[in-house]
Amino acid sequence: MYQGSILKYPQFMSVNNQTPIISLMEGRTLLVPAPHIAKLTKVNGIKVYLKMEGLNPTGSFKDRGMTMAVSKAVEKGAKKIICASTGNTSASAAAYAARARALGYPLDCFVLIPAGYVALGKLSQAMIYGAKVLQVEGNFDDALNIVKELSLQYPIDLVNSVNPFRIEGQKTAAYEICDDLGAAPDYLCIPVGNAGNITAYWAGFKDYIKNPSARPKMFGFQAAGAAPIVRGHIVEKPETIGTAIRIGNPASWKFAEAARDESKGIIDEVTDDEMLEAYRIIHDCEGFNCEPASAASVAGLLKASRQGKIIPESTVVCILTGNGLKDPKTAMDQSDMAAAEKTYKADENVIAGVLGF
Ligand code: F0G
């Protein structure tokens, strides 16, 4: 029986028989073909797949790292964990802390989030899972500085991706892609925020694919209003509709650059308009779902293919990092609200008329 992502790949994880595994059966997410997006790239013979990370237990890839971070925290006897978050990390930390408590380990979870910039679904998850949610008057980078400092000064474990166990756990998505495809893809397109995930995927491909030339090129994409790696300097006031990646000073900046350089990849930016267009395409033309920041991977693929950076006959995997249901507001803002709000008389003939019959 499937026992979660750590026990699926224990040989690559820092666990032993003594480690209490705190799992919600994360991982084993679907890799789905995206023929419409493939067509839009206009690249001959291309195959495009979407890795549906929104299918994880709390609806984002964070669960893969959190199962490791929380298992290791519990192993060493931690009683409190803390993180800064644009939303998904907080939802995941809160859920895994609840699971730890269910298994008999007392563990309190504290999360700091940028006031006013966390999608409602994520905030409600952290709350119902019993975390203490603290909204700070600042952005994610400010919140991360605070929790880093607190974890140095007080007995509280940091579960942001600066925690190496988070990165270790997140590598499992790369293993799954290789298992599903029977090989690594040629390109891996991925949104970049705090840059932990691109770091983890690259480490995962390096673990799994011994031949360096058979590893994918890492194509990371930041939001244009929050693109410090692209610009080469910290962005003091990051802004983007993809609030998950509204980050101006990524913790894993150097590792992301290493992933780019070692894989001969790129880290580029996509505008909010490009992200929203891809967000619509993923829903309306493929039938799959994701949150706005996740669509940066597809927006990036479309941009890179317009620029001739994707060679014919290649296999591309775009990571859809989070579930679309987390951010209903953006979905509704992108739709025809006037039409949705109009009400009709409960009458068959009236409705038939509206349907155009
Ligand atoms: N996509 C989603 C949906 C995210 O929530 C995040 C990060 C990213 C992409 C970027 O991944 O930070 O590893 O480069 N969310 C973090 C959070 C910052 O707090 O939930 P990254």
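Tutor: In this predicted model, 19 residues surround the ligand. Asn88, Asn194, Ala195, Asn197 and Thr321 are the closest. A polar backbone atom of Asn194 sits 2.7 Å from an oxygen atom of the ligand. For Asn197, a polar backbone atom is 2.8 Å from a ligand oxygen. Gly196 places a backbone N or O atom 3.2 Å from an oxygen atom of the ligand. On its own, the ligand has 480 Å² of accessible area, and the protein covers 98% of that.

Now the helix. H6 runs over residues 140–153, 14 residues in total. From first C-alpha to last, H6 reaches 20 Å, close to the 20 Å expected at 1.5 Å a residue. Asn139 caps the N-terminal end of H6, with a side-chain oxygen 3.0 Å from the backbone nitrogen of Asp141.

Which residues of H6 are buried? They are Phe140, Asp141, Ala143, Leu144, Val147 and Ser151. These residues lie on the same side of H6, because they span an arc of only 155° around the axis. An α-helix has 3.6 residues a turn, so residues three or four places apart point the same way.

What covers that buried side? The cover on the buried residues of H6 includes strands S3 (80–84), S4 (108–114), S5 (132–136) and S6 (157–158). The face of H6 turned away from the buried side carries the exposed residues Leu152 and Gln153.

Notes. Residues numbered from 1 in each chain as written. Predicted model: local features only at pLDDT ≥ 70, side-chain atom pairs only at ≥ 80, totals over all residues. Heavy atoms only, no water. Helix = DSSP H or I, 4+ residues; strand = E, 2+ residues; numbered from the N terminus. Expected span 1.5 Å × (residues − 1). Buried < 20%, exposed > 50% of the residue type's maximum accessible area, 1.4 Å probe, protein only. Arc of directions from axis to C-beta. Contact = heavy atoms within 4.5 Å. Polar contact = N/O pair within 3.5 Å; in protein donor to acceptor, adjacent residues only side chain to side chain. Near = heavy atom within 4 Å. Areas by Shrake-Rupley, 256 points an atom, 1.4 Å probe, with all protein chains shown as cover.
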